[in-house]
Amino acid sequence: MPDETPVLTQNDLLVLGLLLDRPMHGYEILQQIRAADMDLWMAISPAAIYYALAKLHRWGLVLETRSRGEGPERSIYHLTERGREAFLAGMESALASQEPTRFEYGLGIFLLNKLPQERALPLLEQRLEFLCRREEAISEARGRTEGDPLRCAVLTHAATCTRVEREWLEGLIHHLQGEEVQEYRGLMLLRGDLRDFHLPDLIKLIASGRHSGTLTVTDGLSVR
């Protein structure tokens, strides 16, 4: 491993941060993650944790020892001094991040008018039900954070983001159901420059999306 500080993923940083408290085996790390309800605000899996441990060990950021207690022999992972330095550097980078928060669900909305409305609406309603369940789960988790202000802070952020998305999605759904929501007018309309379309493809798109209505052609100044 070269001497330069490695670029850590979120999973790497999490594992190093937990090992900063004390040496642990992989299952203990997973228990810590589950107890802190991290799955409500971070995408993580057991396989990802064990992969991170193997990588950090290969980089020399953690040290592995074998321990045999009452059960089977386990690998115990200890943070090395290089691991401590890498963690501090990773934290500085994470907290000063200039990376914008990305919204992957937005791609579905961007392409929404390519689907028939009667197919799109039930899918949006499924997403809304998921967000409502998520809000409830986060609320319950926040009720278990007494005495842990950092955990409360990150769950409060997750709750705020979920509430904002739910309210936004409710507006979209209300518009598709026929209510007049000003900012979403023309949500399912097809728009574009005719020079960018191949006419047979445009006709197929209109047919597959089951669009109906009036085709308006304009030069940008006047309607023809």
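Student: Which residues have the most contacts inside the largest nonpolar core?

Tutor: This is a predicted model. Its largest nonpolar core has 25 residues. Those with the most contacts inside that core are L8, V15, L16, L19, I29 and L56.

Student: Which element gives the most residues to this core?

Tutor: Several elements give two or more residues: helix 1, helix 2 (26-35), helix 3, strand 2 (73-79) and helix 4 (81-95). The top count is six residues. The element that gives them is helix 1.

Student: What does L16 touch, leaving out residues up to four places away in sequence?

Tutor: L16 is among the residues with the most contacts inside the largest core. Leaving out those sequence neighbours, L16 touches L8, L56, L61, V62, L79, G83, A86 and F87.

Student: How are helix 1 and helix 3 oriented to each other?

Tutor: The axes of helix 1 (residues 10-19) and helix 3 (residues 46-58) come within 9 Å. They cross at roughly 75°. Angles of 65 to 115 degrees count as roughly perpendicular. The two helices are therefore roughly perpendicular.

Student: How do the residues of that contact divide by type?

Tutor: Helix 1 brings N11, D12, V15, L16 and L19. Helix 3 brings A48, I49, A52, L53, K55 and L56. The residues divide into eight nonpolar, one polar and two charged.

Student: How many disulfides does the model have?

Tutor: C152 is partly exposed, with a relative accessible area of 27%. C161 is also partly exposed, at 39%. A disulfide needs a pair of cysteine sulfur atoms within 2.5 Å. By this rule the count is zero.

Technical notes
Residues numbered from 1 in each chain as written. Predicted model: local features only at pLDDT ≥ 70, side-chain atom pairs only at ≥ 80, totals over all residues. Heavy atoms only, no water. Axes fitted to C-alpha atoms, helices over the stretch in contact; angles between N-to-C directions. Helix = DSSP H or I, 4+ residues; strand = E, 2+ residues; numbered from the N terminus. Parallel < 35°, antiparallel > 145°, perpendicular 65-115°, else oblique. Contact = heavy atoms within 4.5 Å. Nonpolar A, V, L, I, M, F, W, Y, C, P; charged D, E, K, R; others polar. Core = buried A, V, L, I, M, F, W, Y, C linked by side-chain atoms within 4.5 Å. Buried < 20%, exposed > 50% of the residue type's maximum accessible area, 1.4 Å probe, protein only.
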